[in-house]
Amino acid sequence: MPAYNFTIYSRSYCHLCEDMRAALSAALGEREYTIEMVDIDADPALLAIYDEWVPALLAGKINTPAVRLCHYFLDKERLAAFLAA
């Protein structure tokens, strides 16, 4: 079971969303993780929350609630702090 679960709230054909996914994968290296891409346009509730904020990255560890780390671009410092906690 992966130690870390990441969700990127995104849109289809969003280059920033794909850039965030690639940067996150590179930053995580050999750690065990999952990344789920969620298209906000498919869910009105998510669209209402994240419309102007995509991509938005949420991160969670086993048995802990997810937290929002960043939006638009990967915040490597916040990611490092999350991984170290």
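**Tyr72 counts as partly exposed, with a relative accessibility of 33%.** The views show a predicted model, in which local features need pLDDT of at least 70 and side-chain atom pairs count only at pLDDT 80 or more, while totals for chains, interfaces and linings use all residues. Residues are numbered from 1 along each chain as its sequence is written, and side-chain values use heavy atoms, leaving out hydrogens and water. Partly exposed denotes the range between buried (under 20% relative accessible area) and exposed (over 50%), with a 1.4 Å probe and protein chains only. Tyr72 is placed in the loop between β4 and α3; helices (H or I, at least four residues) and strands (E, at least two) are DSSP runs numbered from the N terminus. Although Tyr72 is not a glycine, its phi is positive, at about 70 degrees.

**Trp53, Tyr72 and Phe73 make a nonpolar surface patch of about 320 Å².** Phe73 belongs to the loop between β4 (67-71) and α3 (76-84). This residue is exposed, its relative accessible area being 57%. Patch residues have over 30% relative accessible area and no salt bridge; nonpolar side chains (Val, Leu, Ile, Met, Phe, Trp, Tyr) are joined within 5 Å, like charges within 9 Å. Areas come from the Shrake-Rupley method with a 1.4 Å probe.

**The side chain of Asp75 approaches backbone nitrogens of Glu77 and Arg78.** Asp75 is located in the loop between β4 and α3 and is partly exposed, at 29% relative accessibility. At the start of α3, an oxygen of the Asp75 side chain comes within 3.2 Å of the Glu77 backbone nitrogen. For Arg78, the distance from the backbone nitrogen to a polar atom of the Asp75 side chain is 3.0 Å. Such polar contacts are pairs of N or O atoms within 3.5 Å, one able to donate a hydrogen and the other to accept it. Between Asp75 and Ala3, 72 residues apart in sequence, the C-alpha to C-alpha distance is 20 Å.

**Helix α3 has Leu79, Phe82 and Leu83 as its buried residues.** These residues lie on the same side of α3 because they cover an arc of only 95 degrees around the axis, taken from the directions from the helix axis to the C-beta atoms. An α-helix has 3.6 residues a turn, so residues three or four places apart point the same way. The cover over the buried residues of α3 includes β1 (4-10), α1 (15-28), β3 (56-61) and β4. Exposed residues Glu77 and Ala84 are carried on the face of α3 turned away from its buried side.

A search of the whole structure finds 2 salt bridges, each a side-chain nitrogen of Lys or Arg within 4 Å of a carboxyl oxygen of Asp or Glu. Asp51 sits in the loop between α2 and β3, and the pair links distant parts of the chain, 40 residues apart. Shared partners join Arg11, Asp41 and Asp51 into one network of salt bridges. Arg11 is partly exposed at 24% relative accessibility, as is Asp41 at 43% relative accessible area.

**The peptide bond from Val54 to Pro55 is cis, with omega near -5 degrees.** Pro55 is situated in the loop between α2 and β3. Val54 is also among the residues touched by Ser10, together with Cys17, Met37, Val38, Asp39 and Ile40, residues up to four places away in sequence not being counted. Contact here means heavy atoms within 4.5 Å. Ser10 is part of strand β1 and is buried, with a relative accessible area of 5%.

**Tyr13 has a positive phi of about 60 degrees and is not a glycine.** The loop between β1 and α1 holds Tyr13. The residue is exposed, at 86% relative accessible area.
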